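Biologist: Thanks for sitting down with me! Could we go through this model together, one question at a time?

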Amino acid sequence: MILRSAPSVFLAALLACAAEKPARPAASAAPPAAARGVDLAAMDPAVKPGDDFYDYANGAYMRTAEIPPDRSSTGAFLRVEEAVEARNRAIVEDAARGLAPPGSDARKIGDLYASYMDEAGIEAKGLDPLRPTLARIAALPDARALAAELGGTVRADVDIFNCTNLYTSRPLGVFVEQDLDEPSRNTVYLVQGGLGLPDRDYYLDATPRLAGIRAQYRAHLEKVLALAGMPDAGGRAERVLAFETRLARTHGSREDAGDVQKGNHPWTRAELEQRAPGMDWDAFLRAAALDRQPRFNAWQPGALAGLAALVRDEPLATWKDYLAVRALERAAPLLAKAFVDEAFAFHGTVLNGTPQLRPRWKRGLDVVDGAVGDAVGRLYVQRHFPPEAKADIEGMVREIRAAFARRIDAIDWMAPATRARAKEKLAALQIGVGHPDRWVDYAGLEIARGDLLGDVERADLFEYRRQLAKLGRPPDRGEWCMLPHTVNAVNLPVRNALEFPAGILEPPFYDRAATAAANYAAIGSTIGHEVSHAFDDQGALFDARGKLENWWTPADLARFQEAGQRLAAQFDAYRPFPDAAVNGKLTLSENIADLAGLAAAYDGWRASLGSAAPPRVGGLDPAQQFFVAYAQSWQTKTREEALRLQLQTDGHAPARYRVQAVRNLDPWYAAFAVQPGQALYLAPAERVRVW
Ligand SMILES: [Zn+2]
């Protein structure tokens, strides 16, 4: 349950070449002075706050901002990401000089980055780095070997409820995390995967737009197969698309995947064999190093059964074509230019509308992050995150946690028993600021300069084994899912913990030179957002230890869910395009967190004020500054294709509508004298109060 998805979550995981990161040159990396607190120049005073609050706060920015050609969007987050990226470039380039001792983290960072930057070396090798994999797939003799191939290539590449990555291009994803029913142990979650397009709707939805994308996808697969020198590329592409369509039919929806009550299916090993027949599970599990696991959590039982049935029913030749395509697509960003360009043309441009591939050094940073990101984060924190900033933000965290406790006390309808459990959970919430206390030990990972694909494959395997090593050990609540230099924040519901990485603790989200109103509005609302996830429609299902347990009285739960339904209806009514609306149910957890987080941040800010009156800024009184700074922290301009992809698959509503959470807060009406008849006006009884 993260604050925001990267513009393309699935691409970030799948294709470093198309993963979205900021694009400005390093020279402009420092946030502009106007971004401190409230940016008056970004506003449009001609717009009435009660008619369109987002445009009132950001109208001038929206008119002038240009999306860089290698990006699908731009805005406040990207400005911070650019600053962080420039710092990381210095870190990896220092490391790539090769002066660090062999085997050290700095040497691994530098060698991997140097491998990625060696374009001539990569070009000279062509498809060679992938040939052993393609040969192995082509030689698979029977269904048992196929099961072993599938098992041997699973990786820990999904994350159901921490950093929330529900996409994997492999037919199954593995996620190791605390057991939902027994918080003292870790368990293995098996997650659906294997589609080349973002999710099942892209295969099954009959609308002309998605049908058009499918046609372009088929053409893309044909080009990839032809580049690899496979005969009958057109016929193979057709068969792979048909196969993936059958796989998509077995998949659960994106909405259900994010619903812990629909996902939690603990199966014994025997149940796995009975309920998902057709796969040689013995061969699969042995190859996956999971053969000694007594139980699994089948997140989408239908997809697991469907996959096993396809292993039984589909011709081996079809499986071979399909696995070759998936291997080619996964490796493409690390291969010669023709593969990179074709991958970007489809995954970057067709799916996200991004016209231009990002510069190579930026993609290189993503590759390094994906393999040894914690080592980069450790150096980042040493250089760029002073202990004073950590202490300052921990003070804001205390205010906001206290404000949230007061809001729980103030809910008049809540039974004492529910209230006590909520406060117990709030008190137990573990809040990490900046970075974890312990770092990943990369001693067992071999990075060989010049062997790019091999390095990335070894890093993926290293991470898989690191995750499997948690099995049989109690969960570690101090472990982080985000990198310290990530510009984002997260709530980990099963660990009852929050992470605020050093990367987001930068202007305009946090700035020691800005007013308290602006800091509480920007980073404070983010802190409140993540605290609130502990109590949103999904988070409220977990107790203080992270056990999936209903701690609500039935009447309280009904009241809470009714408020959620009203908020979902509010968001269902937002239509960015005539033919596409926000999905209120898909985005409900995030919208509850935005609303409750903003309210708690506002309360925490008021409580933090001493007797001195806070200053006016550019004609705005302190409450107006608070709400404008909040709206500006969501400043975003997005290409149409990417916005449509977000509406379809992202648990977060577009930024403009996240800002409109203000409609539900009484102090916003007072601050801007919002009147009945204005577009955003809600009568007091229609305003949703969740917490
Ligand atoms: Zn969130």
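This is a predicted model: local features need pLDDT of at least 70, side-chain atom pairs count only at pLDDT 80 or more; totals for chains, interfaces and linings use all residues.

Biologist: Is Tyr-189 buried or exposed?

Modeller: The cut-off for buried is under 20% relative accessible area. Tyr-189 has 0% relative accessibility, so Tyr-189 is buried.

Biologist: What kind of aromatic pair do Phe-161 and Tyr-189 form?

Modeller: Their ring centres are 5.5 Å apart, and the planes stand at 90°. Planes over 60 degrees apart fall in one class, and that makes this pair edge-to-face.

Biologist: How many residues apart in sequence are the parts that this pair ties together?

Modeller: Phe-161 sits in the loop between helix H7 and strand E2. Tyr-189 belongs to strand E3, so the pair ties together parts separated in sequence by 28 residues.

Biologist: At what angle do the axes of helix H24 and helix H25 cross?

Modeller: H24 covers residues 588-608 and H25 covers residues 622-633. H24 passes H25 in a right-handed crossing. Their axes come within 12 Å, and the crossing angle is roughly 145°.

Biologist: Which element gives the most to the largest nonpolar core?

Modeller: That core has 105 residues, and Phe-626 and Phe-627 are among the members that touch the most others. The top contributor, with ten residues, is H24.

How values were computed
Residues are numbered from 1 along each chain as its sequence is written. Side-chain values use heavy atoms; hydrogens and water are left out. Axes are lines fitted to C-alpha atoms, for helices over the stretch in contact, and angles run from 0 to 180 degrees between N-to-C directions. Helices (H or I, at least four residues) and strands (E, at least two) are DSSP runs, numbered from the N terminus. A crossing is left-handed if the near helix is turned anticlockwise from the far one by less than a right angle, and right-handed if clockwise. A nonpolar core is a set of buried Ala, Val, Leu, Ile, Met, Phe, Trp, Tyr and Cys residues joined through side-chain atoms within 4.5 Å. Buried means under 20% relative accessible area, exposed over 50%, partly exposed in between (1.4 Å probe, protein chains only). Rings of Phe, Tyr and Trp (its six-membered ring) pair if their centres lie within 6.5 Å; planes under 30 degrees apart count as stacked, over 60 as edge-to-face and the rest as tilted.
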